[in-house]
Amino acid sequence: MRKLNGLWKYMPVTAVLRTVAAGAMAGVPLLNGFLSKEMFFTEAVGGHDNALMSVLLPVGAVVAGTFSVAYSVRFIHDVFFNGEPVGLPKTPHEPPRFMRLPVEVLVLLCVLVGLFPALVIGPLLAVGAQAALFGGPYAPLPAYKLAIWHGFNCRCDELGGDCRRRAAVLRAAAARQPAPAGAAARLDPQRRARGLRVLHHDKLNAARGVTDALENGSLQRYLFLLVAVAVLAGLVPHLGGGSGAAAAPAAGTPLTFSVLVVWLIGVAAAVGTTLAYRRRLLALLLLGAVGLAVSLAFVYLSAPDLALTQLLVEMVTIILMMLALYWLPAESPRERGRTRLARDLLLSLGAGAGVAALSYSLLTSGFDSISPYFLRTAVAEGGGANVVNVILVDYRGYDTMARSPCSHRRRGDLRAAAGFVPARRPRPPSAEPRSQFLPLVARLLLPMAVLVSLYLFLRGHNAPGGGFIAGLVLALALILQYVANGRAWVEQRLRTDFRVWIGAGLLIAGAAGAAAGCSARRS
């Protein structure tokens with residue numbers, strides 16, 4: 001925002017769309033954000049058993065609402081106004097039509113939901129509320145109302161009565177006593193505007209001081225503040241009398257010797273990652289061992305889909321980080337100061353203990369779950385025995401469709417890191433001979449990976465697998481070709497643009513969802 005100034009003149013359509021979206025985030029009336037802010041403030045000022053939370057929640061809600069308005073106004077002012085662009089390599093211009101189309105659709109939804117909430121979002125909200133409260137659809141919900149204006153209620157009447165009483169007092173005082181001398185001068189518009197400018201300037205200086213005190217360019221400080229605030233937020237409910245009544249403990253999974261060994265290996269690898277952080281490659285390998293232990297835990301808990309996903313994502317992450325480590329020194333510099341190390345150690349132990357306590361509380365407390373509903377209706381309503389994939393494809397179809405472009409974006413990042421996009425600062429070639437074994441193994445693995453990917457894709461609706469896992473298997477095999485053989489070798493044999501594949505996949509997914517929706521309405 002320090003460089004992108006005055007874009008309204010160059011990108012007027014984008015400026016209008018972004019202004020409406022920023023207004024929605026700030027909670028401007030007649031937009032969807034106003035409804036969410038209203039619900040947010042209503043719940044924040046509602047009755048709470050914890051006395052401390054009854055004070056902190058309303059204050060936090062007001063502060064959060066103020067910040068949302070502040071950053072929305074600052075973004076619009078700094079980017080689309082505030083002078084001319086500075087130091088840009090090219091002249092700004094409007095994006096292509098199809099790049100701007102998703103933004104236009106989202107802004108239109110912001111306006112429609114804000115104007116007609118009961119008609120546009122009401123049915124979806126009812127289905128979600130029924131699933132969250134009762135574990136299935138068609139259950140009667142508590143009375144609620146989605147509307148821009150809820151009419152005059154008791155609080156409005158109280159506020160109006162208070163305003164009328166204050167106005168009557170002022171009129172009575174004015175009738176008994178003339179206005180003091182200089183009152184007109186004090187109400188001078190120019191003086192009032194000058195005072196507002198001074199107040200605005202003081203607020204900006206205060207905000208700049210806070211920003212300069214926190215923002216020093218150190219990622220370590222930012223992570224420390226983030227984790228510290230999270231730990232404090234987790235401690236707040238326990239400061240005013242506990243987190244609520246304890247429920248009867250639920251029956252847990254028995255601990256076997258093999259599970260204990262895997263757990264100890266995972267803990268040892270996590271501790272080793274912390275101790276060997278300066279030797280980056282070794283720390284990365286130990287981190288992969290932690291991911292493998294988590295995958296085996298999912299296998300033991302009868303979650304094969306999660307185990308496959310965790311294992312493949314761990315492999316992709318390791319490859320991506322290894323490619324990133326190629327451009328970094330082999331070892332990181334030694335930390336300076338034992339005080340900082342002790343501070344970080346205490347914070348890490350506190351955060352880990354908090355997460356462990358929260359996990360233990362959730363796993364050992366009795367609660368009503370909506371899982372039986374999905375287990376009961378997966379085959380009848382979703383047409384598949386793999387409940388995980390049925391939830392992703394059918395019950396959460398809109399969410400999965402929205403996440404698909406994000407997944408393709410991450411694949412594009414991995415593709416760029418693997419050598420598709422030339423680096424700005426190429427590293428000198430190593431004098432060491434390249435391995436001959438890795439290219440041979442990579443070529444042999446590619447056809448096998450294609451077959452395994454097709455197998456996982458076709459069986460995923462009734463057994464562990466699915467499109468996401470199949471795509472990861474194929475992507476890993478292709479990335480391995482680039483790592484083992486180089487960019488030139490692969491592009492000579494594989495002449496295709498994967499961006500076309502991504503676009504075709506998104507179109508197929510959208511068409512399948514639209515066809516399913518049309519057939520459901522007809523039936």
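By salt bridge I mean a side-chain nitrogen of Lys or Arg within 4 Å of a carboxyl oxygen of Asp or Glu. Please bear in mind that the model is predicted.

Under that criterion, Arg100 and Glu104 form a salt bridge through their side chains, with an N to O distance of 3.0 Å. The two residues lie about one helical turn from each other, because they are four residues apart in helix α4. Are they buried or exposed? Both Arg100 and Glu104 are buried. For Glu104, the relative accessible area is 16%, and buried means under 20%.

Glu104 also meets the side chain of Arg97 in a salt bridge, again at 3.0 Å, N to O. Arg97, with a relative accessibility of 49%, is partly exposed. Which residues belong to the network built from salt bridges with shared partners? Glu94, Arg97, Arg100 and Glu104 are joined in it.

Let me now turn to another pair. A salt bridge connects the side chains of Glu84 and Lys9, with 2.8 Å from N to O. This pair ties together distant parts of the chain, 75 residues apart: Lys9 belongs to the segment before α1 (12-26), whereas Glu84 sits in the loop between α3 (51-80) and α4 (97-115). Lys9 is exposed at 55% relative accessibility, while Glu84 is partly exposed at 41%.

Thank you for your attention.

Note on methods: Residues numbered from 1 in each chain as written. Predicted model: local features only at pLDDT ≥ 70, side-chain atom pairs only at ≥ 80, totals over all residues. Heavy atoms only, no water. Buried < 20%, exposed > 50% of the residue type's maximum accessible area, 1.4 Å probe, protein only.
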